[in-house]
Amino acid sequence: MAGKGAPKGTVNNPKGINQYPGLRSSKMISLRLLKEHDPLIRAKAEREGKSIAAILDEAIALYLSLNP
């Protein structure tokens with residue numbers, strides 16, 4: 001079965017330059033959502049016409065404002 005996407009070993013950002021200048025950090029945090037939260041977050045993003053990243057940014061900002 002033929003795979004999709006770039007060949008194994010392809011690096012799309014070989015210089016490691018921050019691809020999101022401005023407000024975005026140069027370090028990435030990856031997480032796996034709980035099964036119960038995933039569909040809720042995706043549905044909220046679709047309802048509001050926002051990206052999942054925007055929804056998570058808002059949730060994190062709210063959490064940090066309530067728990068400094």
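**View 1. A salt-bridge network joins four side chains.** Lys44, Glu48, Lys50 and Glu58 are linked in a network of salt bridges; a salt bridge here is a side-chain nitrogen of Lys or Arg within 4 Å of a carboxyl oxygen of Asp or Glu. This is a predicted model, where local features need pLDDT of at least 70 and side-chain atom pairs count only at pLDDT 80 or more, while totals for chains, interfaces and linings use all residues. Residues are numbered from 1 along each chain as its sequence is written, and side-chain values use heavy atoms, with hydrogens and water left out. Lys50 pairs with Glu58 at 2.6 Å, N to O, and also with Glu48, at 3.3 Å, N to O. How many salt bridges does the structure hold? The count is four.

**View 2. Arg42 reaches for Asp38 along helix H1.** These two form a salt bridge, with the closest N and O atoms 2.9 Å apart. Why are they placed for it? Arg42 and Asp38 are four residues apart in helix H1 (residues 37-48), so about one helical turn separates them. An α-helix has 3.6 residues a turn, so residues three or four places apart point the same way. Arg42 is partly exposed at 45% relative accessibility, and Asp38 is partly exposed at 24%.

**View 3. Helix H1 and the glycine that follows.** H1 has twelve residues and spans 16 Å from its first C-alpha to its last, close to the 16 Å expected at 1.5 Å a residue; the expected span is 1.5 Å times one less than the number of residues. Helices are DSSP runs (H or I, at least four residues), strands are E runs of at least two, and both are numbered from the N terminus. Just after H1, Gly49 takes a positive phi of about 70°.

View 4. Ala53 sits in helix H2 and is partly exposed, with a relative accessible area of 40%.

**View 5. A nonpolar patch on the surface.** Which residues form the nonpolar patch? Ile60, Tyr63 and Leu64 do, with about 330 Å² of accessible area together. Patches are made of residues with over 30% relative accessible area and no salt bridge, with like charges joined within 9 Å and nonpolar side chains (Val, Leu, Ile, Met, Phe, Trp, Tyr) within 5 Å. Tyr63 belongs to helix H2 (residues 52-66) and counts as exposed at 52% relative accessibility.

**View 6. The whole chain, for context.** The protein chain has two helices and zero strands. Of its 68 residues, 4% count as buried. Its accessible surface comes to about 6800 Å², with 60% belonging to carbon and sulfur atoms; areas come from the Shrake-Rupley method with a 1.4 Å probe, and for residues only the protein chains shown count as cover.

Methods:
Buried means under 20% relative accessible area, exposed over 50%, partly exposed in between (1.4 Å probe, protein chains only).
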